[in-house]
Amino acid sequence: MEKFFKLKENGTKFSTEVVAGLTTFFTMAYIIAVNPSVLSQSGMEWGAVFLATIIASIIGTLVMGLFANVPYAQAPGMGLNAFFVYTVCFGLGFTWQQALSMVFICGVFNIIITVTKVRKFIIKAIPNSLQNAIGGGIGVFVAYIGLLNVGIISFDSGVPAIAALNQPAFWLFLIGLVLTIVLLVCNVKGAILIGIVITALLGIPMGVTTASDSVSFSEACQALPSTFGVIFTSQGLPSLFSDMAKLPLVLVTIFAFSISDTFDTLGTFIGTGRRSGIFSEEDEKAMESSSGFKSKMDKALFADAIATSIGSIFGTSNTTTFVESASGIGAGGRTGLTSVVVAICFAVSAFLATFVSAIPSAATAPALVVVGIMMTSAFKEIQWEDFSEAVPAFFAGLFMALCYSISYGIAFGFISYCIVKICRKEAKSIHPILWVATILFILNFILLAVI
């Protein structure tokens with residue numbers, strides 16, 4: 001165990017990694033129930049998506065842990081599943097089989113740009129100020145996810161406001177938040193996980209922690225054939241390209257899938273890996289190698305790339321690196337052992353879905369909020385007194401939460417950075433890859449507005 005994961009070398013130990021894995025799993029376990037609830041609206045069977053979600057998460061997370069040896073978890077991404085249903089299926093009129101086929105192609109494309117090292121070069125092209133802004137912005141985004149998950153922020157009046165504290169879930173969230181903060185301030189080991197468990201138990205007498213309805217494991221297994229491998233049938237890839245008049249729309253949609261998936265992943269790696277030391281300076285130097293997988297970043301990007309294609313084969317939307325992995329990293333996770341623990345938890349959850357889903361958002365939301373607080377420390381590395389540096393950093397950090405998208409935050413950061421540099425007559429200092437990425441972001445916004 002020590003030799004394979006290099007625990008001492010990474011400044012961690014077995015117990016810490018286990019606690020980190022449990023923490024990451026419980027903060028992202030909601031995807032097990034939420035993803036099938038979203039995708040089933042397109043006509044897919046709930047049980048099939050439920051099992052596909054778990055299988056894709058297990059495979060993707062195991063590859064991340066065993067191949068890349070980094071503490072990141074994979075699962076179908078929120079936002080990308082909504083794009084799958086509401087934009088691709090409902091808005092553009094594609095069938096869910098065709099949408100899955102596009103996700104598969106997106107995964108293959110991401111594998112190609114990973115093997116050819118385009119993804120790595122994109123990371124190297126991002127200036128330090130924006131990297132720190134992305135890290136801090138993800139902190140704001142993670143905390144915002146926690147607040148939204150429990151419904152403590154209300155939009156009833158048309159503008160965001162604190163909801164009336166007239167529901168047990170709100171009080172449970174506040175109790176859990178205070179408890180977790182106290183544990184962290186007192187330097188209690190495993191504070192985040194302890195906070196989740198105690199909060200969930202306190203929710204039982206409050207009526208918040210209850211066993212929710214779920215599909216049994218056997219029923220899910222019976223439903224899985226309805227989605228598994230459907231992209232290779234006549235309803236999948238062949239039908240996607242049967243109407244050449246729709247080809248431009250198909251390509252644009254695949255591009256939209258790919259750019260969101262890619263920059264969500266890059267943002268998560270940059271925002272969490274650099275600050276925690278998971279991706280060190282030596283690792284960055286190894287990234288510059290022209291061939292092979294010489295670094296953790298190489299392997300992590302490849303693991304993320306293959307996860308989407310695998311997930312689409314089983315029957316789910318884009319599988320990506322979950323930003324909730326930050327909670328496990330915040331709990332001390334530094335190696336792939338954390339990911340292996342998460343994968344094991346996903347496997348067990350297939351059989352214990354009722355118990356896993358019983359942990360309410362009110363119990364996991366405090367963990368996301370405190371992890372968000374930790375991550376905002378990246379903002380201190382930005383030279384805010386330099387307005388030309390503050391502008392792109394501000395937009396990159398703020399728009400992640402406002403747009404509920406890491407990739408959109410990065411997009412606004414890139415665009416404003418280029419504008420600032422042009423105005424200062426420093427356009428030559430902009431990395432070519434940054435130019436290309438910015439133009440693609442602008443093109444993506446235009447195409448989304450048109451379609």
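**Architecture, surface and local geometry of a predicted protein model**

The protein comprises 22 helices and four strands, where helices (H or I, at least four residues) and strands (E, at least two) are DSSP runs numbered from the N terminus. Its radius of gyration is 21 Å, close to the 22 Å that the globule rule gives for 451 residues, so the protein is as compact as a globular protein of that length; the radius is taken over C-alpha atoms, and the rule is 2.2 Å times the number of residues to the power 0.38. This is a predicted model, in which local features need pLDDT of at least 70 and side-chain atom pairs count only at pLDDT 80 or more, while totals for chains, interfaces and linings use all residues. Residues are numbered from 1 along each chain as its sequence is written, and side-chain values use heavy atoms, with hydrogens and water left out.

Along its principal axes, the C-alpha trace spans about 60 × 55 × 55 Å. Of the 451 residues, 55% are buried (buried means under 20% relative accessible area, exposed over 50%, partly exposed in between, with a 1.4 Å probe and protein chains only). Among contacts with a separation of 6 or more, 79% join residues 24 or more positions apart, a contact being heavy atoms within 4.5 Å.

The accessible surface comes to about 18,100 Å², and carbon and sulfur atoms contribute 68% of it; areas follow the Shrake-Rupley method with a 1.4 Å probe, and for residues only the protein chains shown count as cover. On this surface, F217, I344, V348, F351, L352 and F355 form a nonpolar patch of about 600 Å². Patches consist of residues with over 30% relative accessible area and no salt bridge, with like charges joined within 9 Å and nonpolar side chains (Val, Leu, Ile, Met, Phe, Trp, Tyr) within 5 Å; a salt bridge is a side-chain nitrogen of Lys or Arg within 4 Å of a carboxyl oxygen of Asp or Glu. F355 lies in helix α18 (residues 353-356) and is exposed because its relative accessibility is 64%.

The structure holds zero disulfides, a disulfide being a pair of cysteine sulfur atoms within 2.5 Å. For C89, the closest cysteine sulfur, in C106, is 15 Å away, too far for a bond; C89 is buried, at 9% relative accessible area.

Most residues other than glycine have a negative phi. K6, not a glycine, has a positive phi of about 55° and sits in the loop between α1 (2-5) and α2 (14-28). N69, also not a glycine, has a positive phi of about 55°, in the loop between α4 (46-68) and β1 (74-76). K6 is partly exposed at 40% relative accessible area, whereas N69 is buried at 11%.
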